[in-house]
Amino acid sequence: MFDSADQLDLVDLEVLVALLAETTVPGDEAARVEWLEALERVKSAACAVQARITGAVVGDGEPTRSVGAQVGLARHESPHRGRRLTGLAVALVDDLPHTLAALERGDINEHRAQLVADGTRDLSEADRRVVDAALADRLPVLGDREARAGHRPRGDAGRPRRCHPAP
């Protein structure tokens with residue numbers, strides 16, 4: 001179906017889009033659920049490729065704000081959302097390799113990856129990698145709260161840490 005066994009090209013992606021657009025809904029309920037899961041895995045894998053591409057563009061030295069606007073446009077999102085997706089891409093590529101791998105395999109979706117990135121944002125690069133490795137085996141089964149607060153000690157109850165000025 002695709003020309004190259006090693007890598008998809010833009011023509012292959014357009015063919016995939018056309019095939020998906022023409023796909024009919026399976027007749028029985030079990031098949032519909034299987035299709036939903038398979039399509040979610042395809043979406044997640046596509047998000048992982050988008051993250052790697054975005055990370056490469058940022059790595060080329062283009063200002064993140066400019067890249068964010070371009071990413072938003074390319075992904076049919078607002079410039080603000082594009083900047084957020086750019087931040088996620090950089091975090092996945094640079095600091096969260098296990099989370100990126102789970103996204104590539106379709107074990108988690110982009111939303112869950114964003115929660116992990118948000119939950120580790122205030123940590124150093126080294127600490128983010130430690131948390132990422134610690135969460136790796138559990139990522140597919142973590143809930144949103146656990147994914148977001150994966151780095152917090154148990155006694156913290158998932159509450160955000162904020163500093164308030166003294167009165």
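Which helices each supply at least two residues of the lining of the largest pocket? They are α1 (10–21), α2 (29–59) and α3 (64–74). This is a predicted model, in which local features need pLDDT of at least 70, side-chain atom pairs count only at pLDDT 80 or more, and totals for chains, interfaces and linings use all residues. Residues are numbered from 1 along each chain as its sequence is written, and side-chain values use heavy atoms, with hydrogens and water left out.

**Overall build**
- The protein has eight helices and zero strands.
- Helices (H or I, at least four residues) and strands (E, at least two) are DSSP runs, numbered from the N terminus.
- Buried residues (under 20% relative accessible area, 1.4 Å probe, protein chains only) make up 29% of the 167 residues.
- Take the contacts (heavy atoms within 4.5 Å) with a separation of 6 or more: residues 24 or more positions apart account for 55% of them.

**The largest pocket**
- A pocket is an open set of points on a 1 Å grid over the protein atoms alone, where a 1.4 Å probe fits, with protein on both sides within 12 Å along at least five of seven lines.
- About 960 Å³ of space lies in the largest pocket; a volume is the space filled by probe spheres set on the points.
- The lining (residues with an atom within 4 Å of a point) has 27 residues.
- Leu-13, Ala-46, Cys-47, Val-49 and Gln-50 lie nearest the pocket's centre.
- Helix α2 gives the most to this lining, with 11 residues.
- By class, the lining has 17 nonpolar, five polar and five charged residues.
- Ala, Val, Leu, Ile, Met, Phe, Trp, Tyr, Cys and Pro count as nonpolar, Asp, Glu, Lys and Arg as charged, and the others, Gly among them, as polar.

**Helices α5 and α7**
- Helix α5 (residues 97–105) packs on helix α7 (residues 125–135) at an angle of about 45°, with their axes 7 Å apart.
- Axes are lines fitted to C-alpha atoms over the stretch in contact, and angles run from 0 to 180 degrees between N-to-C directions.
- Pro-97, His-98 and Thr-99 in α5 meet Arg-129, Asp-132 and Ala-133 in α7.
- This contact has two nonpolar, two polar and two charged residues.

**Leu-115**
- Leu-115 sits in helix α6 (residues 110–119).
- Leu-115 counts as buried because its relative accessibility is 6%.
- Beyond its neighbours within four places in sequence, Leu-115 is in contact with Asp-144, Ala-147 and Arg-148.
- Leu-115 and Arg-148 are 33 residues apart along the chain, yet their C-alpha atoms are separated by 4.6 Å.

Terms used:
Buried < 20%, exposed > 50% of the residue type's maximum accessible area, 1.4 Å probe, protein only.
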